[in-house]
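Me: Please take a close look at how charged side chains pair in this structure. Go through the pairs one at a time, and describe the parts of the chain around them.

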Amino acid sequence: MPEGPSIVILRELAQQFVGRKVLHVEGNSKQDIGRLRNRTLRAVRSWGKHFLLEFDDFSVRIHFLLFGSWRINETKAATPRLGLGFSRGDALNFYSCSVRFIEGDLDAAYDWGVDVMSEAWDPARARRTLRAKPDALAADVLLDQDVFAGVGNIIKNEVLHRIRVHPESTIGALPARKLAQLVTEARDYSFDFYRWKQAFQLKKHYQVHTKTTCPRDGTLLSYRKHLGRAQRRAFWCDTCQRRYGTTEASMSVADGAAAG
DNA sequence: TAACATGTTACGGT
DNA sequence: AACCGTAACATGTT
């Protein structure tokens, strides 16, 4: 159930397998996972919520969707979707995830500049892309993996609170400084998420996600279960998060109730 | 305990 | 064509 920062943590934990040969393959994936046997893992990479295992001429792409999980040198009770066995009984096990092969060079398949966790992250390009979407909602663009690969619903809610922008603000109505903040915080909050997750302290740092009152001013937070085109949960403070622009949809829907 | 949710894709209808 | 809504997938948490 990971957003981008969790995938970065997985990538770092999986680094120990780079350069080692896959000795055993198991799993209920419908892909031709048998081809992985006796192949040497060349690199582990990530792009947004994608975890990538790179071999000589192809790579394996793992996407955990909502319920996926992994174990390193351990197993769960369930059958893995894909399990890779290495020497000394070491193993990488992936559960209830999407497994796909990517043929050829990963650099040809992925645009690293849109990955908020990447060294190649390109904020100027993100701002440019957003300027071309004036009618889109702030809550929707943050979840757009073509713009902010790795951002998920938790990061979305926390970023919007941090920059004091209402989730239904329209992008075209944001002052240039706010748009720049949105882009900056998409990355900066993701790195905070990463550090807190590593320390097993992520949830206690939530400001609005799944919360009922605003830590800034004690306002009862607003909650909507299906907000925006993405139809995802939104938590926000009507006192400190300003709504820029207006949409008919937002004004006609009256189901904003207290969270929790 | 039964809902629910850190996500995405496919498909049918408009 | 573009867009929208719904279903499907699958499991740990509350």
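Charged pairs and their surroundings

Reply: Arginine 88 counts as exposed because its relative accessibility is 71%, above the 50% limit. The model is predicted. The partner of arginine 88 is aspartate 90, and their side chains meet in a salt bridge with 3.7 Å from N to O. Aspartate 90 has a relative accessible area of 15% and is therefore buried.

Serine 87 lies in the loop between strand 6 (82-85) and strand 7 (91-95). Serine 87 is partly exposed, at 29% relative accessible area. Leaving aside residues up to four places away in sequence, serine 87 touches Arg20 and Leu23.

The structure holds 15 salt bridges. In general, side chains of opposite charge can pair when their charged atoms come close. Another of these pairs is aspartate 144 with lysine 133, where the closest N and O atoms are 3.9 Å apart. This pair links distant parts of the chain, 11 residues apart: aspartate 144 is in the loop between helix 4 and helix 5, and lysine 133 is in the loop between helix 3 (123-131) and helix 4. Aspartate 144 is partly exposed, with 22% relative accessibility. Lysine 133 is also partly exposed, at 29%.

The loop between helix 4 and helix 5 also holds phenylalanine 148. Phenylalanine 148 has 0% relative accessibility, so it counts as buried. Beyond its sequence neighbours up to four places away, phenylalanine 148 touches Val114, Val116, Trp121, Ala126, Leu130, Val141, Leu142, Leu182, Val183 and Ala186. One of these, alanine 126, is 22 residues from phenylalanine 148 in sequence and 7.7 Å from it in space, C-alpha to C-alpha.

Helix 5 (153-162) is mostly covered, with nine of its 10 residues buried. The buried ones are Asn153, Ile154, Ile155, Lys156, Asn157, Glu158, Val159, Leu160 and His161. They pack against helix 1 (4-14), helix 4 (138-142), helix 6 and strand 10 (232-236). Just after helix 5, arginine 164 takes a positive phi of about 60°, although it is not a glycine. Arginine 164 is in the loop between helix 5 and helix 6 (176-198). At 40% relative accessible area, arginine 164 is partly exposed.

Where in the chain are the two partners of the pair formed by glutamate 168 and arginine 224? Their side chains meet in a salt bridge at 3.1 Å, N to O. Glutamate 168 lies in the loop between helix 5 and helix 6, while arginine 224 is in strand 9, so the pair links parts of the chain that are distant, 56 residues apart. Both partners are buried: glutamate 168 has 4% relative accessibility, and arginine 224 has 7%. Elsewhere, salt bridges with shared partners join Arg162, Glu185, Asp192 and Arg195 into one network. The contact between the side chains of arginine 224 and glutamate 168 is also a polar contact, at 3.1 Å.

The loop between helix 6 and strand 9 (222-227) contains threonine 210. Threonine 210 has a positive phi of about 65° and is not a glycine. Threonine 210 is partly exposed, at 39% relative accessible area.

Helix 1, one of the elements that helix 5 packs against, has eight of its 11 residues buried and so is largely enclosed by the rest of the structure. Those eight are Gly4, Pro5, Ser6, Ile7, Val8, Ile9, Leu10 and Ala14. Their cover includes strand 2 (43-47), strand 3 (50-54), strand 5, strand 7, helix 5 and helix 6.

The surface also has a nonpolar part. Leu65, Leu66 and Phe67 make a nonpolar patch of about 360 Å². Leucine 66 is in the loop between strand 4 (58-63) and strand 5 (69-72), and it is exposed, at 52% relative accessible area.

Last, the cysteines. The structure holds zero disulfides. The sulfur of cysteine 237 has its closest cysteine sulfur in cysteine 240, at 3.7 Å, which is too far for a bond. Cysteine 237 is buried, with 0% relative accessibility. Cysteine 97 is buried as well, at 3%.

Definitions and conventions
Residues numbered from 1 in each chain as written. Chains lettered and ligands numbered in written order. Predicted model: local features only at pLDDT ≥ 70, side-chain atom pairs only at ≥ 80, totals over all residues. Heavy atoms only, no water. Disulfide = S-S within 2.5 Å. Buried < 20%, exposed > 50% of the residue type's maximum accessible area, 1.4 Å probe, protein only. Helix = DSSP H or I, 4+ residues; strand = E, 2+ residues; numbered from the N terminus. Contact = heavy atoms within 4.5 Å. Polar contact = N/O pair within 3.5 Å; in protein donor to acceptor, adjacent residues only side chain to side chain. Patch = residues over 30% accessible without salt bridge, like charges linked within 9 Å, V, L, I, M, F, W, Y side chains within 5 Å. Areas by Shrake-Rupley, 256 points an atom, 1.4 Å probe, with all protein chains shown as cover. Salt bridge = Lys/Arg side-chain N within 4 Å of Asp/Glu carboxyl O.
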